[in-house]
Amino acid sequence: MSAVIEWLNGIIWSSWLVYLCLGAGVYFTIRSRAVQIRKIKSIFTQMFRGKSSEDGVSSFQALSMSLAGRVGVGNIAGVATAIGFGGPGAVVWMWISALLGASTSYVESTLGQTYKEKDPKTGEYRGGPAFYLEKAYQLTRFGKFFKVYGFIFAAVTVLAMSFLLPGVQSRAIGGAVTNAWNLPTWVTALALVVIMAFIVIGGVKRIAHFASLAVPFMAIIYILAAIAVTFINADQIVPVIELIFKSAFGVDTSSEAAFGGIIGLAVQWGVQRGIYSNEAGQGTGPHAAAAAEVSHPTKQGLVQAGSVYIDTLFVCSATAFMILSTGMYRVLSPEGEIIGSGRGQLAEALETTPGEGWPQSGLDSMIPGIGGSFIAVSIFLFALTTIVAYYYMAETNLVYLLGKLKNPMYLTIGTRALQVLILIAVAIGVMNDNPSDAWALGDIGVGAMAWLNIVGILILQQPAFKLLRDFERQQKLGLDPEFDPQALGIKNATFWEERWAKMKAGEHVPQG
C-alpha cells in the first residue's frame, strides 16, 4: 500500500504541478499589476473592517477560518520536512510561492465571494470552487461541462478534507504529545475526537467563533517564542540568511556545496510544502471567503491574499529560523543519506526523520525541557483548528453535492456520516506510526485539489479582474465599494443580484 501511495503522489506532484503553481502566480501577479504588493495597505485594513450578520461572518472571522486551515502542521513539521529533503534553500522557495500565491489567492477568493449562495436550511453563506465553476458558465453552452467539473472538484474535496488530510494533522498531535508527556495515543485520540465533535456539530458560526479566538492567540505566541530563540542565537542570523539564499540558488561554496547540488529538490519541496501550508491555489481559501459578510467581493479577496503572507512569511519563517539558527536539522538525499546538517553534537544526536521533533529540539537547546511541551501545545492548537477548517470545507462541498436533492433527509444523513468519517480519520491518524504515508496521503489530497482549482481559475479569471478595477475605481471616488453585478456584466452572481435589487428597493442589507 505504501508503494501505491508513493507512486500516486509522484504522479500528482510531478514537476508539472510545481510549474503550474508558480506559473499561475506569475501570470496573476502580472495580470493584477501585483495586487498583493500594490494593495498591501488595503489588505491589512480590510481584515478588521466589516461586521458579522445573521447570515455571514465578519472579515476577521473569515480570515481566522482561512488561517485555521492554512496554519497547521505544515507550519511546523512541514517546514522541517522541506528543509530535511530540500535543504535550507527550500525556505526561499516557500517565500516565493507565498508572494506569487497571494495573487492566486486573491483571484480564487474573490470568485468564491462573487458566486456564493445562501444555504436555504441554515441561512449561512456557502461557496467555493465547485460553486463558481458551475455558476460562472451555467448560462453558456459550456454549462454542462463546468457543472460536471464542479461536481468532480466537490467530490475530491470531500474525500481530501474528510479522509486524506486530517491524518497528517492528528498524527502530528499524537507524536508531539507522546514526545512531550508520554501519554498513550488512545488517550490523545479520545480527547481530540471529543473536542472535535463538540465544535463541528455546532456549525459554521461556532467554527468561526472558535477560530477567531484560537488562531490569533496561538500564532502570536508561537512567533514570539521563535523570535526569542532566534535572538538568543543572534550571531547566527546573518549566516542563516546567507545559507538560505545560497542553497536556494545553488551557490557552491565550501560549506554549501552539498546543498547546491539539490537546487531542484529545494524548489520542489519549497513549493510543495509552501502550498501545503499557505494553500494558495488549492481551493480552500474561497470556502472561508464566501462565508464573509462584505459589500464587495474584492474586499475578501484582498483579506485572503493577506492570509497567505501571515501563514508563510510569519509563521513558517518563525519555524525555519528556529530550526536553522539552533542548527537542529539534517539534509537527506533522495536515497536517505545525510548530505548536510547543523552544527555541533546536538545536531548529530537529532532524529533523522524530519518533523515536529526538530523545532522541539531547537527550543530545548535554548531552554532545556520546554521544547517538548511548547511544541506539543502549539501543534495541538494549530492542527485542531486546521482539522475543524477541513470539516467545514468538506461539509460545504457535501452540501453542494447533495443539497439540490429534493429530499432533505439525504443531506442530513450525509452530514452525520461525514462527521463520523472525519472523527474516525482523526482517531486513526493519531495512532498511525508511519508519518511518511500520512504526509503522502495529505500531498495527494492537496495536489489533486490544486490541479483542478488552478486550471479552473485560469479559465474563469475575468470576473476577478473586473471586480478589482471596479473596487479601485470606487476607492478613488472616496466610496465604500459596493458590487453591482449588472453594471460589470457579471452574470449568474445570484446572491449579489438579489442584494442589489433589495438596495434599489430601499430595503436594508448588511454592510461589510
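## A guided tour by selection

The protein chain has an average pLDDT of 86, and 91% of the residues score at least 70; pLDDT is the predictor's confidence in each residue, from 0 to 100. This is a predicted model, in which local features need pLDDT of at least 70 and side-chain atom pairs count only at pLDDT 80 or more, while totals for chains, interfaces and linings use all residues. Residues are numbered from 1 along each chain as its sequence is written, and side-chain values use heavy atoms, with hydrogens and water left out.

**Stop one: colour by confidence.** Select residues 257-260, helix α14, which has the lowest mean pLDDT among the elements of the protein chain, 55. Then select residues 462-476: this is helix α23, with the highest mean, 97. Helices here are DSSP runs (H or I, at least four residues), numbered from the N terminus.

**Stop two: Q474.** Stay in helix α23 and pick Q474. Is Q474 buried or exposed? Its relative accessibility is 7%, so Q474 counts as buried (buried means under 20% relative accessible area, exposed over 50%, partly exposed in between, with a 1.4 Å probe and protein chains only). Beyond its neighbours within four places in sequence, show H296, L479, D480, P481 and E482, which Q474 contacts (contact means heavy atoms within 4.5 Å).

**Stop three: α11 and α21.** Now select residues 185-200 (α11) and 408-430 (α21), whose axes lie 9 Å apart at an angle of about 155°. Axes are lines fitted to C-alpha atoms, for helices over the stretch in contact, and angles run from 0 to 180 degrees between N-to-C directions. Helix α11 is therefore roughly antiparallel to α21 (an angle over 145 degrees). Show T185, T188, A189, L192, V193, M196, A197 and V200 of α11 against Q419, L423, V426, A427 and V430 of α21. Coloured by type, the residues of this contact between α11 and α21 are 10 nonpolar, three polar and no charged (Ala, Val, Leu, Ile, Met, Phe, Trp, Tyr, Cys and Pro count as nonpolar, Asp, Glu, Lys and Arg as charged, and the others, Gly among them, as polar).

**Stop four: α9 and α20.** Select residues 143-164 (α9) and 370-402 (α20); their axes cross at roughly 145° and come within 8 Å. Among the residues making the contact are F151, F153 and M161 of α9, with Y390, M393 and Y400 of α20. The contact of α9 with α20 has 12 nonpolar residues, four polar and one charged.

**Last stop: K41.** Finish in helix α4, residues 40-46, with K41. Its relative accessible area is 67%, so K41 is exposed. Draw a line from the C-alpha atom of K41 to that of Y125, 84 residues apart along the chain, and it spans 27 Å.

Definitions and conventions
Helices (H or I, at least four residues) and strands (E, at least two) are DSSP runs, numbered from the N terminus. Angles under 35 degrees count as roughly parallel, over 145 as roughly antiparallel, 65 to 115 as roughly perpendicular and the rest as oblique.
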